[in-house]
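Please look over the structure below before reading the notes.

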Amino acid sequence: RPAMSGASHAQLAFATFMKGAVLQAQGKRDPAKEQFLASLKAFDAGTWHDETLYRLATMIQDLADKSEIANPKSEIGGDKPLSPKEKEAREKAGEERLAAFVKSKAAALPYWQELVRRYGTKDKDGKLTPHSPRVEEALYRIGVIMAEQAGVAPEDKAEQAWKEANAALKRFCETYPKSLYVGDAYLRQMDIALERMFDLEMAQTLAPQAAQWASAAVTVEKAEMPALFPWASLVPRPEADQIKQTVYECFLRAGLAAYLAGQFDQAVDWISLAGPKSPGVAFTEKPDMESFGLYYLLKAIRSKKPLTEQQALDAAKTDQQRLAIQLADLYMETIRPEKAEEIFNRIINHDLHLGKVPPNLEGYAILQIATSLDRQEGRRPEALERLKTLAGRRDLQGTYWGGCGLFRLALFTYNQTQDPKKSLPLYEAMLKQYPNHQFGELAHLYYCLDAMQLKDNALAEKASQEFFQKYPGSEYRALLQQRLNTLASPTP
């Protein structure tokens, strides 16, 4: 048989690719993948292989997104209260599932990287010139996958992984500065700077770039890139709602970076562009919590006062530690308790970028984690456990934060149970252990009110007289006296 010409090889390889495309359209992903790989092997120089590599990468990511790993049918423990051992098992299972999910998505990384290698050329300065419309998404996905891998990397490899992810995202932004994906890439870089490296200078460099992109993208609607050939798949673009959310997030991050750097006027300008609205007077069934959060943040920035307690700032030993607690408190102010929790957890876990964290700063972080948990649906019992941990820390007993922990433990216990029998002993312990604490006045007041609610008249009278004596100028004096008079009045 005569040897096949190069053109015949190409035609056969392209026919194999087209067979894969048909199988993919029929939902037969594994056979489709085999055909795409066969097409690459049969004629490596095919001009259509940017499409081949693109389809291989997106198929892998789609499978990962729809897998049981990404969408578990049940959680360990369900809604029942978990024992410490069950909690540990649940957390470990969650970490393992996340790592498995990231690994399954990362299987697409070699195809994205090969697409960039084949269809992009670098000049002597390393600047990339793309030769396929597929390179845009490939560069973006490379940065995203590398950031996700960094998030589950072992502690000793995490720093380098974050640096490499940041470099990949930066490369994408420089190559496609007007891409609709650039806003998300800037957000990821700023989160790496602020939440992972605790590098305010890096965040400040990114802030104006993110804000500039957001300003240009405000009016952008979703636009599908037309296919170059009938057999080519459409490259998706973010929906209008996604773009709007990314614009909001860019202005918010830029404003946070400016505020943390003490650039209050610039922070006000950027956060104003994010669109804060004054809270309405009337109750609404679905309030705009994002706008509420920005509104209160804007008020705080205009006051030019830190949101973080001075005692917590004084407890921090490094600029990175101060940045971490201030950023977390800013997220609390913008009603993002889950993000605040993540950063405070890095503090108590002694993140490598933070150095040795002093006990007092740990105490503040635990206290704030409890508050963030209390503000998350279904996690209020966890808040009590954190406060019990804080109140029981021997190295913090007698300290300001130890007292704060015991006070909030009593307060949260009553709020969650509405049972003064459970909260009264905690307030009593607070008054004995921390008689001159900043929250001593409130603890004493609630102790009196708990006694009244339990109809323990003798204890209520004794505790109230002690309150009047210790706090003669208290703003709560009239309230307590009125409740005491009501308790003493005979019921008609």
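The points below are grouped by topic and describe a predicted model. Across the whole structure, a search finds 22 salt bridges.

**A buried pair**
- Arg336 and Glu249 form a salt bridge, and their closest N and O atoms are 2.7 Å apart.
- This pair links distant parts of the chain, since the two residues are 87 residues apart.
- Arg336 sits in the loop between α14 (319-333) and α15 (337-348), while Glu249 belongs to helix α10 (residues 240-260).
- Both Arg336 and Glu249 are buried.

- Arg379 forms a salt bridge with Glu341, with the closest N and O atoms 2.8 Å apart.
- Here too distant parts of the chain are linked: Arg379 is in the loop between α16 (359-374) and α17 (380-392), and Glu341 is in helix α15, 38 residues apart.
- Arg379 has a relative accessibility of 22%, so it counts as partly exposed.
- Glu341 is buried because its relative accessible area is 10%, and buried means under 20%.
- Arg380 forms a salt bridge with Asp374, the closest N and O atoms being 2.9 Å apart.
- With a relative accessible area of 32%, Arg380 is partly exposed.

**A network**
- Salt bridges link Asp44, Glu114, Arg117 and Arg118 in a network.

**Helix α11**
- Helix α11 covers residues 264-274, and its buried residues are Ala267, Val268, Trp270, Ile271 and Ala274.
- Gly275 follows α11 and has a positive phi, near 100°.

Conventions:
Residues numbered from 1 in each chain as written. Predicted model: local features only at pLDDT ≥ 70, side-chain atom pairs only at ≥ 80, totals over all residues. Heavy atoms only, no water. Buried < 20%, exposed > 50% of the residue type's maximum accessible area, 1.4 Å probe, protein only. Helix = DSSP H or I, 4+ residues; strand = E, 2+ residues; numbered from the N terminus. Salt bridge = Lys/Arg side-chain N within 4 Å of Asp/Glu carboxyl O.
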